[in-house]
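Reader: I have just opened this structure, and I would like to learn how to read it. Could you walk me through it, one feature at a time?

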Amino acid sequence: MHRRHFSRALALLTLAAVAATAGAPGATAESPTPATTRLNATIDTILADARLAGAQTSVVVLDTSTGQTLYDRNGDRRLIPASNTKLLTSTAALELLGPGHRFSTDVRATGKRRAGLLSGNLYLRGGGDPTMLATDYDALAAQVAADGVRVVAGNLVADDTRYDQTRLGPDWTWDDEPYYYAAQVSALTVAPNTDYDAGTVIVHATPATRPGAAPVISTTPPTAYVRIDNRARTVADGATSISIERVHGDNTVVVSGQIAVGNEPVSDWVTVEEPAGYAADVFRAALHRHGVRMLGRTVLGQPTPETADPVARHESMSLGELMTPFLKLSNNGHAEVLTKEIGRVRSGSGTWTAGLTAISEYVADAGLDTGKLRQRDGSGLSRRNLVPATEFVDLLSAIRAEPWFATWYSALPIAGQPDRFVGGTLRSRMANTPAAGNVHAKTGSLTGVSGLSGYVTSADGRLLAFSILLNNYLAASVKPLEDQIAVALAGYREDGAASTARMAPPAVPETPRTPEGVECSWVKPITC
């Protein structure tokens with residue numbers, strides 16, 4: 001028996017023995033306590049809401065201290081988990097790569113050097129780092145200049161061969177491609193700011209000083225890699241209606257609509273076609289700023305010769321640190337890069353297939369029944385992912401003994417905490433309730449799909465693991481219902497001391513409607 005299966009089985013046997021020798025009544029499916037009965041009635045009432053009429057629901061709640069299931073509604077039903085899929089990917093990454101794992105990006109050179117002239121090529125080799133900023137490429141260029149290189153006679157080669165050339169998940173819908181939550185995955189890429197949405201550029205539209213003129217368009221980072229087709233106009237007054245969208249299969253960004261004189265600029269994130277070329281453009285501009293002239297052209301997708309001489313190097317933050325922007329902001333790109341990185345490190349193949357195979361082996365070792373679930377990508381953007389709530393709860397229970405658990409737990413979004421890098425995608429939810437500052441959980445949404453899975457500490461100090469998966473609803477949002485369940489769990493006491501009022505579903509404001517097919521956690525602020 002594998003050590004994880006053995007440890008889990010031993011823990012369950014020990015808990016059963018303790019309960020038997022103590023003679024404690026303990027709620028079971030056959031003999032629920034009054035408190036558990038009330039909790040079940042409360043959750044049943046929440047799930048009877050009209051917004052879930054005709055929908056599919058799967059909810060499981062587990063007391064991690066005893067292994068006792070407090071609630072189970074369709075726990076074995078396989079449903080689309082959306083971004084709850086990141087629970088599998090993130091825990092596998094920490095176990096298989098380690099919290100100290102880092103991504104490296106380096107510059108190497110071929111050919112002879114003489115008086116500042118490099119006769120060969122300069123290679124920009126990507127190591128998969130999804131946090132590379134324009135400032136990091138600038139620092140690499142500064143190292144090249146400091147190494148004495150002044151003119152490069154050959155080409156700038158953008159080496160993204162650490163991973164395969166499959167840029168998008170096989171099940172992703174084509175109309176998601178221009179939006180930043182579905183950016184192309186590459187081993188060499190650029191993130192525009194410290195949200196680290198790699199493979200995207202932020203486009204800004206600033207009103208002109210006079211009506212009738214086109215708005216001023218700029219990008220973060222500055223780059224010539226995207227071409228702006230500016231069809232927008234500045235008006236004297238009126239509502240702003242600026243649209244910023246990349247043409248499918250092209251790096252042309254169309255800006256249309258209107259913006260009034262004196263209004264604040266409008267900004268939006270758009271993906272780029274072929275991120276390695278984007279990274280090379282940003283790096284080439286940085287070389288120019290530092291006095292390094294490139295005489296050759298930019299070439300994509302060629303591997304760096306092993307004999308190439310090292311010139312410059314950048315290392316990312318650790319994987320443990322990356323967990324915070326990854327999970328707090330539900331970053332899809334991070335999930336997919338980690339999936340390919342797992343494949344590369346574990347089997348030498350930077351592909352979705354290799355990465356997902358390794359993740360499946362890991363979650364099986366953690367005690368999940370992989371015959372009851374299907375994972376098709378790292379992020380949850382695929383609608384072919386299918387996971388039962390009970391498998392998520394089993395994972396949440398099993399990983400508490402891992403040495404990296406505290407890092408991972410703190411990286412989960414925390415309910416009602418307004419700081420984006422604390423509350424994350426739960427920052428505006430469950431405020432001023434017993435769940436605020438208490439619930440640590442992963443959100444997930446697609447059109448007609450919503451999920452919330454994680455932990456809540458009950459009113460009597462029990463750490464409860466829960467998973468709520470809701471599919472095929474037609475309402476604008478069912479997240480208030482998830483919040484009601486989480487708040488009920490935060491008020492739960494096994495001794496029944498909690499008042500009926502505290503256990504009752506709280507009044508939770510309706511979540512604002514978001515664009516079709518876009519997770520609410522993926523809606524960015526208007527300005528960066």
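This is a predicted model: local features need pLDDT of at least 70, side-chain atom pairs count only at pLDDT 80 or more; totals for chains, interfaces and linings use all residues.

Reader: Which strands pair with strand 1?

Author: The general idea first: in a regular strand the side chains alternate between the two faces of the sheet. Now the case here. Strand 1 pairs with strand 24, residues 463–471, in the antiparallel sense over 8 bridges. Within that pairing, V60 stands opposite S467 of strand 24. Strand 1 is also joined to strand 2, residues 68–73, by 5 bridges, and these two run antiparallel. There, L62 has T69 of strand 2 as its bridge partner.

Reader: What do strand 1 and strand 2 form, and which residue in the turn has a positive phi?

Author: They form a hairpin with 4 residues between the strands, and G67 in the turn has a positive phi of about 80°.

Reader: Where else is phi positive, in a residue other than glycine?

Author: Two places to look at are E274 and M430. E274 has a phi near 65°, although this residue is not a glycine. You will find E274 in the loop between strand 17 (266–271) and helix 5 (275–289). M430 has a positive phi of about 65° and is not a glycine either. The loop that holds M430 runs between helix 10 (405–411) and strand 22 (440–446). With a relative accessible area of 5%, M430 is buried.

Reader: Which peptide bond is cis?

Author: Look at the bond from T220 to P221: this peptide bond is cis, with omega near -5°. P221 is placed in the loop between strand 11 (216–220) and strand 12 (227–230).

Reader: Now for the helices. How many helices and strands are there?

Author: The protein has 12 helices and 24 strands. Helix 11, residues 479–490, has 12 residues and reaches 17 Å from its first C-alpha to its last, close to the 16 Å expected at 1.5 Å a residue.

Reader: Why is helix 11 described as largely enclosed?

Author: Because 12 of the 12 residues of helix 11 are buried, the helix is largely enclosed by the rest of the structure. Among them are the charged residues K479, E482 and D483, along with L481, I485 and V487. Helix 9, residues 389–398, has 9 of its 10 residues buried, so this helix too is largely enclosed by the rest of the structure. The buried residues of helix 9 include F392, V393, L395 and L396.

Reader: How do I read two helices that meet? At what angle do helix 3 and helix 6 cross?

Author: The step to remember is that a crossing angle over 145 degrees counts as roughly antiparallel, while 65 to 115 counts as roughly perpendicular. The axes of helix 3 (residues 86–96) and helix 6 (residues 319–328) come within 11 Å and cross at roughly 170°. That makes helix 3 roughly antiparallel to helix 6. K86, S90, A93 and L94 of helix 3 make the contact with L319, G320, M323, F326 and L327 of helix 6. By class, this contact has 6 nonpolar, 2 polar and 1 charged residues.

Reader: And how do helix 7 and helix 8 cross?

Author: The axes of helix 7 (residues 332–347) and helix 8 (residues 352–365) come within 7 Å, crossing at roughly 85°. Helix 7 and helix 8 are therefore roughly perpendicular to each other. On the helix 7 side, the residues that meet helix 8 include E336, I342 and R346, and on the helix 8 side W352, L356 and I359 are among them. The residues of this contact divide into 6 nonpolar, 4 polar and 3 charged.

Reader: Last one: which residues does D147 touch, leaving out those up to four places away in sequence?

Author: D147 touches R113 and V311. D147 and V311 are 164 residues apart in sequence, and their C-alpha atoms are 6.9 Å apart in space. D147 lies in the loop between helix 4 (134–146) and strand 8 (151–152), and is partly exposed, with a relative accessible area of 36%.

Terms used:
Residues are numbered from 1 along each chain as its sequence is written. Side-chain values use heavy atoms; hydrogens and water are left out. Axes are lines fitted to C-alpha atoms, for helices over the stretch in contact, and angles run from 0 to 180 degrees between N-to-C directions. Angles under 35 degrees count as roughly parallel, over 145 as roughly antiparallel, 65 to 115 as roughly perpendicular and the rest as oblique. Contact means heavy atoms within 4.5 Å. The expected span of a helix is 1.5 Å times one less than its number of residues. Buried means under 20% relative accessible area, exposed over 50%, partly exposed in between (1.4 Å probe, protein chains only). Two strands pair if DSSP finds at least two bridges between them.
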